[in-house]
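Take a look at the fold below.

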Amino acid sequence: MNQQKIIWFAIVFSTVMYFGVAYMLAPAPALPFEQSVRTVFTMAMYASAFAVFLAALVIPGLMRPLPRQTKLVLAMALFEACATMGLMAALLQKDWRLFIPPWIAALIGFIREFPRDEVSSPVL
C-alpha cells in the first residue's frame with residue numbers, strides 16, 4: 001500500500017471515529033430530526049460544510065505547482081472539515097443524527113479523491 005492510500009484511509013477513518021463520538025455524546029435527541037435540522041445554528045453549520053465542500057473541489061486543482069500528495073492532503077483535510085462541521089452541529093445540538101448529512105458529503109469527496117494512477121486523479 002502506498003503512502004497516499006495510507007493517508008486516505010487514516011483521514012476517512014477519523015470521520016468514522018467522529019461518528020462514534022457524536023453517537024456516544026448525544027445518543028438520545030430531545031427533538032425530532034426535522035426540528036433539529038431547522039435550527040439557525042444547524043443551518044449555519046450545514047452552510048459552512050457546503051462551502052468547505054465546494055472549496056475542496058476547487059482549491060486543490062488551482063494549485064498547479066504543488067506536489068500531487070500535497071494536493072491530496074489539502075483536499076482530504078477540507079473534506080474532513082466538512083464532516084467536522086456536522087460533528088459540531090451534532091454535539092452542540094445534542095443530536096447525533098445531525099452529523100450524517102455533512103458526513104455523507106465528506107464521504108463523497110473522499111471517494112472522489114481516492115488515490116489513483118497519475119493520469120486519472122481529479123486533483124491534477
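**Reading the model**

The mean pLDDT of the protein is 91, and 93% of its residues reach 70 or more. This is a predicted model. Confidence is lowest in helix 2 (residues 33-37), where the mean is 93. It is highest in helix 5, at 96. Where pLDDT is low, the predicted coordinates should not be read in detail.

Start with the core. The largest nonpolar core has 28 residues. Met76, Phe79, Leu98, Phe99 and Phe110 touch the most other members. Helix 1, helix 3 (40-62), helix 4 and helix 5 each give two or more residues to this core. Helix 4 supplies the largest share, 11 residues. In soluble globular proteins, nonpolar side chains tend to be buried together.

Now zoom in on phenylalanine 99.

Next, the rings. The structure holds 10 aromatic pairs. One of them joins phenylalanine 9 and phenylalanine 114, with ring centres 6.3 Å apart. Their planes stand at 80 degrees; edge-to-face means over 60, so this pair is edge-to-face. The two residues come from distant parts of the chain, 105 residues apart. Phenylalanine 9 sits in helix 1 (residues 3-25), and phenylalanine 114 in the segment after helix 5 (100-112).

Phenylalanine 79 and phenylalanine 110 form another edge-to-face pair, 6.3 Å centre to centre, with 85 degrees between the planes. Phenylalanine 79 lies in helix 4 and phenylalanine 110 in helix 5, so the pair ties together parts that are 31 residues apart in sequence. Both residues of this pair are buried. Both are also among the core members that touch the most others.

Arginine 68 is found in helix 4 (residues 68-93). Why does arginine 68 count as buried? Its relative accessible area is 13%, and buried means under 20%, so arginine 68 is buried.

Conventions: Residues are numbered from 1 along each chain as its sequence is written. Side-chain values use heavy atoms; hydrogens and water are left out. Helices (H or I, at least four residues) and strands (E, at least two) are DSSP runs, numbered from the N terminus. Buried means under 20% relative accessible area, exposed over 50%, partly exposed in between (1.4 Å probe, protein chains only). Rings of Phe, Tyr and Trp (its six-membered ring) pair if their centres lie within 6.5 Å; planes under 30 degrees apart count as stacked, over 60 as edge-to-face and the rest as tilted. pLDDT is the predictor's confidence in each residue, from 0 to 100. A nonpolar core is a set of buried Ala, Val, Leu, Ile, Met, Phe, Trp, Tyr and Cys residues joined through side-chain atoms within 4.5 Å.
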